Amino acid sequence: MQETRIQVRRVLIITLVLNFLVAFGKIFIGSVTGALSITADGFHSLMDGTSNIAGLIANHFASRPPDDDHPYGHRRFETLAALLIGALLLVTAWEISSSALDRLQNETLPDFTPLAFAVMVGTLIGNIFISRYQIRRGKQLRSELLLADAANTSTDVFVTASVIISMIVVSVTGWVWVDLVAALVVVLLIIKAAWEVLQQTSRVLVDYAPYSPEDLRNALVDMPVDIQIARARSRGSIDSAHIDIDVTVPPAMTAAHFAAIRESIIRELDEKLGGVMEVEVHFVPDDLAKPDDYGLIVRAAADALGMSTHETRVTENGGQKMLELHVEVPPEQTLADAHEWVNRLEDSLQAQLPEIDEIVTHIEPIQTTTAPLVAETCDQGVLGEVKGLLRGAYPQVRWHHMRLASQPEGLVVTMHAGLAPDVSITEAHDLTESAEALLRMSINGLHRVTIHTEPEEG
């Protein structure tokens, strides 16, 4: 962002120098020839230079970081500078109109020399270059200030062209009123440019949305997770937008889920829209929705108590529902302390899930560290037995990368299982549970079994 500020300032300095050269050339020729249209055009170019100075001042203030008095940054200074440009355009239009009315009372034939024509043609070329340069750089840098100033400079191209035409007509016919008509054309073009600039800046000042709610929703269509957007808002300018997204979530969602969704939303908006200054994501609990993800509810309740859970399962027998789960507690904790701690979790779950008739918790020590593995000196006959059991019971699975090692607690076996790509997660999980049960029943001293499932290509 700071680099963009530096580049905007460089563009403004270049256009300031060029605008002043063009302006003083027009004013000089207008004074020498007595042509009102040329003099008015010169002062219009001078106003362009003045607006460049205002833009430089605004760029300096707008580049400051947020502070206590301006927590959302200083970008409105840039908007105010663009507003000042529009106001200066209106002042210029008024001055030219006043001069045209005065000229009606005193018709004086301007003296157009070849030098006057040469200077005006040269300034026309200069105006075209300045305008195109600012528009191109303004779009590249997504700068509201440069584009507003370019709209101002663009009027100079039409103004100077109309002045040159009036010079030719006056020189050929001697009609002084043509010079006044050209001056009035200048006024109309200036008013048009002022209106466009004021309209754009006023939208920012009144918090007009740079993006519609539909635009924001469409930008989040390809989110990696399915979200329900309750409200989408934006304010600021297209190159510095502040966006608010309200997302409806289940009441039991955990802080980890919140963080993941928030990061995904910010990343998607920044990639799709660009020029996003800040994104605020608010989470709204969907109290009307009936929660049916028991695993999510259990994790949220456990997180609140600083616990870890896994293998959550709900079963129904004889019209009664039973919730089973494994709870991990610190290994140094006594059974009495762990039981009291887990009772708090059960009470919390029972309050949240009145439809559950019974809660059964399995307490186990949390795996805080990985025990050092002994070198694989285990009986290779045991590993061969593992391979034979699995390949005989599940021939449709490609078992590979089998490893057997010893820990103080017992044997540890790990392996990969290649399954058909269209197998559901539930089916894959059931298969691994069944395979683990088979190994535990068949092999003595087995402490842990880890099976990594993967889709089998081809």
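**Group meeting: sheets, salt bridges and a surface patch**

D246 is buried, at a relative accessible area of 9%. Buried here means under 20% relative accessible area, exposed means over 50%, and partly exposed lies in between, with a 1.4 Å probe and protein chains only. Before I go on, the ground rules. This is a predicted model, where local features need pLDDT of at least 70, side-chain atom pairs count only at pLDDT 80 or more, and totals for chains, interfaces and linings use all residues. Residues are numbered from 1 along each chain as its sequence is written, and side-chain values use heavy atoms, with hydrogens and water left out.

Back to D246. Which side chain does D246 meet in a salt bridge? The partner is R231, at 3.2 Å from N to O. A salt bridge is a side-chain nitrogen of Lys or Arg within 4 Å of a carboxyl oxygen of Asp or Glu. D246 lies in strand β2 (residues 240-249) and R231 in strand β1 (residues 228-237), so the pair ties together parts that are 15 residues apart in sequence.

β1, β2 and β3 form an open sheet of 3 strands in the order β1-β2-β3, with mixed pairing. β1 and β3 (276-285) are the edges, each with a single partner strand, so one side of each has no neighbour in the sheet. The twist averages 15° from one strand to the next. For angles, axes are lines fitted to C-alpha atoms, for helices over the stretch in contact, and values run from 0 to 180 degrees between N-to-C directions. Two strands count as paired if DSSP finds at least two bridges between them. β2 and β3 run parallel and are joined by 9 bridges.

How many bridges join β5 to β6? There are 8, with β5 (residues 320-329) and β6 running parallel. E328 has E364 in β6 as its bridge partner.

R262 is partly exposed at 33% relative accessibility, and E263 is partly exposed at 43%. Another joins R440 and E436, at 3.0 Å from N to O. Both residues sit in helix α12 (residues 425-442), 4 residues apart, or about one turn of the helix. R440 is partly exposed at 36%, as is E436 at a relative accessible area of 23%.

Next, the surface. W175, W177, V181 and V185 make a nonpolar patch of about 380 Å². Patches are built from residues with over 30% relative accessible area and no salt bridge, joining like charges within 9 Å and nonpolar side chains (Val, Leu, Ile, Met, Phe, Trp, Tyr) within 5 Å. V185 is in helix α6 (residues 177-205) and counts as partly exposed, at 30% relative accessibility.

P408 lies between β7 (398-407) and β8 (410-419). Is P408 buried or exposed? P408 counts as exposed, at 73% relative accessibility. P408 and H447 are 39 residues apart in sequence and 9.5 Å apart in space, C-alpha to C-alpha.

Last, the totals. The protein has 12 helices and 9 strands. Of its 458 residues, 41% are buried. Among contacts with a separation of 6 or more, 70% are between residues 24 or more positions apart, where contact means heavy atoms within 4.5 Å. The accessible surface comes to about 24600 Å², and 59% of that belongs to carbon and sulfur atoms. Areas come from the Shrake-Rupley method with a 1.4 Å probe, and for residues only the protein chains shown count as cover.

Notes. Helix = DSSP H or I, 4+ residues; strand = E, 2+ residues; numbered from the N terminus.
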